[in-house]
Amino acid sequence: MLKELREIVERVTASSDLNEAMSELVRQTRDAMQVDCCSIYLRRDLDQAYLLAATDGLAPEAVGHAQIPFGEGIVGLIGEKEELINLADAQHHPSFKYLPEAQEDAFKSFLGSPIIHQRKTLGVLVVQQKQVRLFEEKEESFLVTLASQLATVIAHAEAKGNLKSPNWHGVLRGLAGSPGVAIGKAWVWQPRVELGQVKPRKADDPQQQQARLDKALRQVDEELDSMALRFKESAAGESVAIFEVYQYILKDPVFMGLIREDIERGWTAGSAIKRVCEKQIAQFTAMSDPYLRERAADVRDLGQRLLTRLIHEDDGPLALSEPVILVADEISAPLIAEIPRDKLKALVAAKGSINSHATILARAMGIPAVIGIDHSFELLEDKTLIVDGYSGELLVEPITSVLREYKRLVAEEEQMSELFATVRQERSETQDGVKISLLLNAGLSADTEIAMNDAADGVGLFRTEIPFMMRDRFPSELEQAANYRRILTSYTGKPVCMRTLDVGGDKQLPYFPIVEENPFLGWRGIRLTLDHPEIFLVQLKAMLRASEGIDNLSVMLPMVGNLDEVRAARRLLDRAWREVSAEPGIAPDGIRYPSLGVMIEVPSLLYQLPELAPLVDFWSVGTNDLTQYLLAVDRNNGRVADIYDALHPAVLRALQQIIDHSRLYAKPVSICGELAGEPIGVLVLLAMGYRRFSMNNSNIMRIKYIVRQSRIDELQKVLQEALSHKHTGAFKGVFGRYLEERGLGGLLRAGN
Ligand code: PEP
Ligand code: MG
């Protein structure tokens, strides 16, 4: 039977149409199992029923009509119990419900399996026979296997096919690109000129073609200039660097040189742009690093902008009368900039990732965004949408009750962001007078997040690998020093903690590929840099050189798992400091020896804290990796995302142990994983005794607000109560109530 099973699965998964796939499955299953009937019922939440979606054996005209309400019939029972039911004579079962239009009178025995995808019941797969008999075990397992395969096909088809029907309403799932909720009409954008539409042509006037290219270049450059100017004056002023990246590509001699060479070879300006951009897009797309892969979108957008200028010389700015939700296959940062802020409610894109420039910009501007919804969007035009940037869901034409609920949420959010803005200049201090340091995690959007963020007390984690990822080779010592100095000077008088290179795992350098079976357990962070002292020394020297006369640098080591790594790193830091300090041009005592700390993110360190304490000046807890490694759950794997829990009892115990040891050894401690920026997370940490938190820019204000609403003595009691509960849900509930009592219940959505 294995062969038949494999064949059915292959055929069904190969089919591009769900109805076709289901018809094929029931026909083949009936044959393979030698039964009299095979049917599929699909769950319809809207009708509160299971609808007969395919059958080979029941009346064909009942397909698409006959339905069994939830909680009724044996099909309903299977859906409810989420388990297989095997009956020798179904008609005598108390739940049996006769479906007259399906004409199932003749069938006696019944075997049904729920079709479950990611814990959600999508339907029921049934085989029936005229003869009274119990189905055998191997038939049961055959059906269960088929149902599990069918679940994936249905889930995928539902998501893909839904938009084809003009009256469809429901939920599409993507990635949460930028937090917040927005309700509005869809405005589907398409580029006026796409690279793919251009047919490469030759011309015999290269000089004229170069002149056309020059003109288009000037125009696009001016366009970007004016966008940058607008942004400089706006709340997201720091995002101006994104436009500089575009201008940098425009002026890149290699990129432009290739286009000019193509023109010299006889191609028209448009063809040359198309050819060169498409080659670069292919190169970027093939890169394994997600940040660099996203640069393909930047090149595509620039190419299309240049082409638009070449073809439609009079292309004016986008005119919108009403605020909209921008929906597009791919959204670029300049496209966002073209739409006045008060006309842009949210973003929805088929392509993109959390690292794309558009998404980074959306976060900086506070525009909710859902990305990575794999659809073509034409049919969404003018439909009412709800963009839930917390969960990554897009609700299309939501029903009234859902709409009402979301409207309430939006109103609550607006109220809350007004509230948060009121604490910008206030001290981060609890109601009982305990001072809390709120620092910034930076580096992911490198230059964009690094603004003079006056709400933050400094930089708690600068992820130096990000600037490394944006290049095509290792940056030189001077290049690094210039970059680090910019950051250190931006925060003069405030501490900046620079973490040494943390590549490996999911962070790859395009020019230093590491191929491993198990990269998160492999050559990552300090393990790699200690094996390459030449890279490590250059980075340490660059940091030290950058700190001359500023005195706000501390250095942190990632992925430390044993003490020898710290000792070896300390020796290299000593050497780097001696060598840089002795250089001509450096004032005696011009470079202060920085404090050196480690990330606590590999669980082995939890058991070595007493020995670690004398070796370092501070430590900082990386809850992202600590959770991943303690629970053995990949932090980037959506399939296990529901069991990745930074408030798991084991993680809580580890966090308590770290704070206890920090006190015992008088070691400064901070938290720099995502937990510090989460509302419940920060309350738990405050209760445990943590006083220093580093988080993304977007979280600082709300965490400051929460801190200012809390009392440590109360939180300690809340923690005691929460710990008395056995389940994580109840644990969180206790802290959730604390937030609700302070009018901050709305924040919990973000935490979920
Ligand atoms: C962490 O692991 O919690 C952390 C802050 O480091 P990263 O997310 O860069 O691995
Ligand atoms: Mg980490």
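Residues are numbered from 1 along each chain as its sequence is written, and chains are lettered from A and ligands numbered from 1 in the order in which they are written. In this predicted model local features need pLDDT of at least 70, side-chain atom pairs count only at pLDDT 80 or more, and totals for chains, interfaces and linings use all residues, while side-chain values use heavy atoms, with hydrogens and water left out.

The protein has a mean pLDDT (the predictor's confidence in each residue, from 0 to 100) of 87, and 92% of its residues reach 70 or more. Over residues 444-450 pLDDT stays under 50; for this stretch the model has 26 contacts beyond four places in sequence, a contact meaning heavy atoms within 4.5 Å.

Helices (H or I, at least four residues) and strands (E, at least two) are DSSP runs, numbered from the N terminus. Helix H10 covers residues 295-311, and its 17 residues should span 24 Å at 1.5 Å a residue, which agrees with the 24 Å between its end C-alpha atoms. The expected span is 1.5 Å times one less than the number of residues. Of the 17 residues of H10, 15 are buried; buried means under 20% relative accessible area, exposed over 50%, and partly exposed in between (1.4 Å probe, protein chains only).

The magnesium ion (ligand 2) has Glu601 (OE) and Asp625 (OD) as its protein donors, lying 2.1 Å from it. Glutamate 601 lies in the loop between strand S19 (595-600) and helix H20 (609-612) and aspartate 625 in helix H21 (residues 623-631), so the pair ties together parts 24 residues apart in sequence. Donors are N, O and S atoms within 2.8 Å of the metal (3.2 Å for Na, K and Ca); water is not among the atoms, so sites may look incomplete. Glutamate 601 and aspartate 625 are both buried.

Zero disulfides were found in the whole structure, a disulfide being a pair of cysteine sulfur atoms within 2.5 Å. For cysteine 497, the nearest cysteine sulfur is that of cysteine 672, 7.6 Å away. Cysteine 497 is buried because its relative accessibility is 6%.
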